[in-house]
Amino acid sequence: NHYPNIVFGRTEKEIWGSWHTPNSTYSSEKDCFDISLSFNEIGVRDDSFKNLPNNSLFLIGDSFAEGYGVEKIESSEYLLEKKFGVPVLNFGVSGDFGPLQQYLIYNNYNYLPHKGLIIYIYPD
């Protein structure tokens, strides 16, 4: 699925509220960037979560964690993967998400193989 704008294609079926449509790509254009963001089979900005190794890291946070407005190779997820040499599961979400939604997301997906949790937020 390809959507012309990231606002479209969001779902409201998850207990934490708004979520990206799985297996979708969005165009996002602002004065300072024009990029495409792709979301995997569960609706996060990352590669597929099939066949993950046990040493993965779980990244949760806001738009800075998600990498909103930057290309994938400029995202926190990519830079952390490069630094630590292990997959980073990017559960960062933009769009007025807070600690409660982040807790609910982690509680729902913590069965995915991982050996650590990174919480990344940029508070106002």
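Asp46, Lys72 and Glu77 are linked in a network of salt bridges. The model is a predicted one. A search of the whole structure finds two such bridges. Side chains of opposite charge can pair when their charged atoms come close.

Lys72 lies in the loop between helix H1 (63-66) and helix H2 (76-84), and Asp46 lies in the loop between strand E5 (33-39) and strand E6, so the pair ties together parts that are 26 residues apart in sequence. In another bridge, the side chain of Lys72 meets that of Glu77, at 2.9 Å, N to O.

Lys72 has a relative accessibility of 25% and counts as partly exposed, because buried means under 20% and exposed means over 50%. Asp46 is buried, with a relative accessible area of 9%. Glu77 is buried as well, at 1% relative accessibility.

The largest nonpolar core has 16 residues. Trp19, Phe49, Phe91, Ile105 and Tyr109 are those with the most contacts inside this core. Strand E6 (57-61), strand E7 (88-92) and helix H3 (99-109) each supply at least two of its residues. The most comes from H3, which gives three.

Tyr109 is in contact with Trp16, Trp19, Ile42, Phe58 and Phe91, leaving aside its neighbours within four places in sequence.

Helix H3 was considered next. Gln102, Leu104, Ile105 and Tyr109 are buried in this helix. Seen down the axis of H3, the buried residues fall within an arc of 160 degrees, so they line one face of the helix. These buried residues pack against strand E3 (17-20), E6 and E7. On the other side of H3, Pro99, Leu100 and Tyr103 are exposed.

Ile105 and Tyr109 are among the buried residues of the helix, and both are among the residues with the most contacts inside the largest core.

Note on methods: Residues numbered from 1 in each chain as written. Predicted model: local features only at pLDDT ≥ 70, side-chain atom pairs only at ≥ 80, totals over all residues. Heavy atoms only, no water. Core = buried A, V, L, I, M, F, W, Y, C linked by side-chain atoms within 4.5 Å. Buried < 20%, exposed > 50% of the residue type's maximum accessible area, 1.4 Å probe, protein only. Helix = DSSP H or I, 4+ residues; strand = E, 2+ residues; numbered from the N terminus. Contact = heavy atoms within 4.5 Å. Salt bridge = Lys/Arg side-chain N within 4 Å of Asp/Glu carboxyl O. Arc of directions from axis to C-beta.
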